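Hi,

Here is the structure I said I would pass on.

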Amino acid sequence: MAVTNILILVFGLGVFAFYLGRARSLAIAKPLGGIRYLHSLPSYYGFHSALWCALPALLLLALWVVFDDPLINSIVADSVTGSQAAGDTASYNLLMNKISNVSAGILPRDGRDPEILAAADLMTRLQTLSRWALTALILTLSITGLAWGWSRTSQVFRARQVVENVVEKLLLGCACVAILTTLGIVLSVLFESIQFFRSVPIFDFVFGLEWSPQTAIREDQVGSSGSFGAVPLFVGTLLVSAVAMFVAVPVGLMSAIYLAEYASKATRSYAKPALEILAGIPTVVYGFFAALTVAPFLRDLGESFGLSVSSESALAAGGVMGVMIIPFISSLADDVITAVPQSMRDGSLAMGATKSETVRKVIIPAALPGIVSGIMLAISRAIGETMIVVMAAGMAANLTANPMESVTTVTVQIVTLLTGDQEFDSPKTLAAFALGLMLFTVTLLLNIFALQIVKKYREQYE
Amino acid sequence: MNNSMTNLEKIRKSLSRRNRAEGLFRWAGRVAIFLGLMAVVVLFVDIIGKGHGAFRIAYIELDIDYDPEKIGIENLSDPQQLAGADWQALPKAALNKQFPGITSRGDKRSLYGLISNGAGYDLKDRLMANPLLLGDQERVWILTDDDIDTYYKSWLAGEPYAARLSDKQVEWIAELHEHGKIRLQFNANFFTRGDSREPEQAGIRGALVGSLFTLALTLIFSFPVGVAAAIYLEEFAPKNGWTDFIEVNINNLAAVPSIIFGLLGLAIFINFFHVPRSVPIVGGLVLTLMTLPTIIISSRAAIKSVPPSIREAALGMGASKYQMVLHHVLPLAMPGMLTGAIIGMAQALGESAPLLMIGMVAFIVDIPGGFSDPATVLPVQIFLWADSPERAFIEKTSAAIMVLLSFLIVMNASAVWLRKRLERRW
Amino acid sequence: MNVKRETTAKPAVMDTLEISEHQATVGHCFSDNAKMTMRNVNVFYGEKQAIFDVNVDIAKNEVIAMIGPSGCGKSTFLRSLNRMNDTVEGCRVEGDVRMDGEDLYAPKLDVVELRARVGMVFQKPNPFPKTIYDNVAYGPKIHGLADTRVDLDEIVENSLRKASLWEEVKERLHQSGTGLSGGQQQRLCIARAIAVSPEVILMDEPCSALDPIATAKIEELIEELSENFTIAIVTHSMQQAARVSHRTAYFHLGRLIEVNPTEQVFTMPEHDLTEAYITGRFG
């Protein structure tokens, strides 16, 4: 039976269990003189039965789905011992692919090595067996659970406590998804990176000045073995982010100040949402805008001044990224500026300070921690932004600080290295994870630091 | 007071300079707002200016003769014959009839280049829908090639772009135009078809359906889990290190670059759990993890805004904590949670970077029929088209962006509406 | 409609403690030695009128106290004297407010200059999150009153001395002003206000957030300051008004009911409403 069908079955049984449990409690209550003599409401007895019926079965199902394939694969792989046996991971993957394709009937059986055919048959058999075993086990488990839950229903049984306890655990489990996600990110990125650093020394990666990830496909191929010096990418990322900040910080900050301190209520109620539209536009749209409108415009503009601006200049990508970040900075700055107590403004204005003096000399200094952390969050966003640079920045690593030239960034390289068909274990692919590790670490540090500042700042005025 | 008088003079002297600075500062603020709003306007004008044309496409009217011999088919229910039939021969013959006397190979190629190479299949569909047409004649509007469409539109606009056309083609189009045999029609293909290498046949249906499947999964996974997590953190979590750790994790995840989630999906879901690439399941899972922090944070805010007095009233009646949450807090917080969910979904709908990592960037012609069919999503489709060299794809890309933006506008507007309509003020 | 114009006769309907419209102020509203004069001042918040037809003078170097039940408009009145009401959206002031004969609401008048001449101290101490020194130096710096660092040091020291804070903070001038105690913070705010040598100081319930000892210090300070400055103080404490002020003005529901020498107000008020208030029948 397919997994979805089993799922539906288990849910059906669960609903059935609910009604059974409830019915039993009602039956118990009747001679007692009504449900008030039960410990819990009838529906709790129902839920209790349903939980016993469905929860263990679902747990088993999840485990089975996770460990099913790897287990079968390893058994099948072990069965191949002859000429076809795999030496390294790459050929192992190839072999398993072949076997599973033959088994699924995607590849024709004619003219295959008998050993492969045998393995494919074994795989088919094991898979069928696994399905049946799973179905049988799940059914047994569900029904046993149901019976157990049902049998426990009695007048004094504390069904509500039990159900609520289980539900609390479930809720906790949901809350822990966030931790699991972080763990998953760290593990996946770290694991692949360590593999990468086995073939490319970490020092060469972090401090190397040359980036050309093309590795030889065959061992004997002449030419590059690939160089993985990531400095040009770091510099490119910083350059694009710097351009973005150059656009976003003044505009975002000044508009926040204007909206918070100068604008009338009516202006504010229109201008603020209008600016926030910028935050809701998907990055792929900005990428398109940067690549097809801004970049040619800047190139032509540069030409008319006698400057040569690349059509994939850091200026175009960074400028558009800056536009994207404007609302981010302005809304964060707006939050911290409006959090500065009115008494500060009154104090300064009553001294005879003009509004701008009040803003510059009292409000901004008071809001500075919040503003700085907002800018840090914005930088982290600029560093991690992908689509705009993928579409509008260059592909070739270019170590330069000139924003009119084409540069490439960490995120662009991650995308280029991982799209298209590659072996998962080649240094080229693994390099993407090493870059991902760098990206994750830097943005995480920026975020933690920024959130810490914000927290401190909030406490100051609360 | 002598001292005070000199002070007053000093203040008066400084006034004009300070008022100038004040004015400058105020203007700087105005300019900043103006620049921000200009960016919005320029972006929209640019996209709409580039994309509005794609909703109409040029068709040529031709007399089609469904001659069984020409197609090479006699029996419409014979699959073998259907497979071997030369459908493109139909419009080609009609073109020859429309412009007689063209003999050279180059000219013929130019002539046949007027129409889309999918025109024959469109005619096949017509024929299959109405088998009586076989052997009969009919006047049909035939889809043009993308270059012809681009040229015709630019020509109508008064700035002809003929770089990719032969001189003959330009003449023919002028002639067709004179006889009213070429015109712009609503581009239904754009909404009913999947992707194609030929711009005139490419549509967003496949991507839209892919987005729908992916988003549906994202919503199914992320909303219950997010709400459950929020309830736990707000109502049940003890204040201890573990809870703090969860909180820090959520806040940080909300700021992790989306591409990192792509790496996670690639390494964990695809490489470890062997979920197939390019399918909505894996896309939905990745987007779930990505939108979860948003949903948790907004749900928590919604729960927080329910006043404690309601909780106390419920507990005071002897309700258990769960009954209090289920019967009172949750219904009151629901509008806020839904608003958060819509905003999270809007984010997920516009997201493309992590999906590139998990193979949802493949060229997929078929419209996906389920959660495990290879699919792409609207933003990735935009990315793919933006990368295509054909000029006609610029128009398509902008039009697809317009569709995407209108979805986002509707979603965000409904979130705003929901907030205004249903959220209570305490 | 029965419109009363007398200033001496007591209004008729006193038992209900209502005031008729166009009730004129009783007592000694006017002064020959006026620093500030207000004639027919009305203040509105949007549609709502907060101050009705106030006529009063503030004499040079006097301390005038504004008392009255909360919400009676005394703070609003005070804030209209240095146009701090401008910062409140929808607030509109009608009538004639003058200082030394100069119309404070004239279009060409610069509020910056006005506020430098009419300083203000607020209900809650609001030192800037800067050092003590920078708090006091803020005014002189923005107005360009000190040409050299030495001048500035001198202004800061003098102001802190005048605010009787110097001895307490001279060792820690470069620590944050927010680290001081509430009473010290309020004296710092007074020092900050007098650093620009204003002619008038407005105080909006300056002691309401302070403990009795800190309050006593501030009251002492007000007495000293009255030698050099004209002071208008809003207070919710009648004892405070009695202790520090020369004249007392009683506000009720946006109307100025009575202005008289403080002693008289507290011993034999002219108006029944004033009497009702000071004898604690409401407030």
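Chain C has 10 helices and 11 strands, counting as helices DSSP runs of H or I with at least four residues and as strands runs of E with at least two, numbered from the N terminus. Its C-alpha atoms fill a box of roughly 65 × 45 × 35 Å along the principal axes. The radius of gyration of chain C is 19 Å, which agrees with the value near 19 Å for a compact globule of 283 residues; the radius is taken over C-alpha atoms, and the globule rule is 2.2 Å times the number of residues to the power 0.38. Of those 283 residues, 57% are buried (buried is under 20% relative accessible area, exposed over 50%, partly exposed in between, with a 1.4 Å probe and protein chains only).

Before going on, some housekeeping. This is a predicted model, with local features needing pLDDT of at least 70 and side-chain atom pairs pLDDT 80 or more, while totals for chains, interfaces and linings use all residues. Residues are numbered from 1 along each chain as its sequence is written, chains are lettered from A and ligands numbered from 1 in the order written, and side-chain values use heavy atoms, without hydrogens and water.

Chain A has 15 helices and 2 strands. Its radius of gyration is 31 Å, whereas a compact globule of 462 residues would have one near 23 Å. The box filled by its C-alpha atoms is roughly 85 × 80 × 35 Å along the principal axes, and 47% of the 462 residues in chain A are buried.

Now the surface patches. They are made of residues with over 30% relative accessible area and no salt bridge, joining like charges within 9 Å and nonpolar side chains (Val, Leu, Ile, Met, Phe, Trp, Tyr) within 5 Å. A salt bridge here is a side-chain nitrogen of Lys or Arg within 4 Å of a carboxyl oxygen of Asp or Glu.

- Positive: Arg360(A), Lys361(A), Arg17(B) and Arg20(B) form this one. Helix 12 (355-384) of chain A and helix 1 (2-51) of chain B each supply at least two of its residues. Lys361(A), in helix 12 of chain A, counts as partly exposed because its relative accessibility is 32%.
- Nonpolar: about 740 Å², made by eight residues of chain B including Trp27(B), Phe34(B) and Met38(B). Trp27(B) sits in helix 1 of chain B and, at 52% relative accessibility, counts as exposed.
- Negative: Asp167(B), Glu171(B), Glu175(B) and Glu178(B) gather here, with Glu171(B) in helix 8 (residues 167-178) of chain B.

Cheers

Technical notes
Accessible areas come from the Shrake-Rupley method with a 1.4 Å probe; for residues, only the protein chains shown count as cover. Lys and Arg count as positive and Asp and Glu as negative; His and the chain ends are not counted. The place of a charge is taken as NZ of Lys, CZ of Arg, CG of Asp or CD of Glu.
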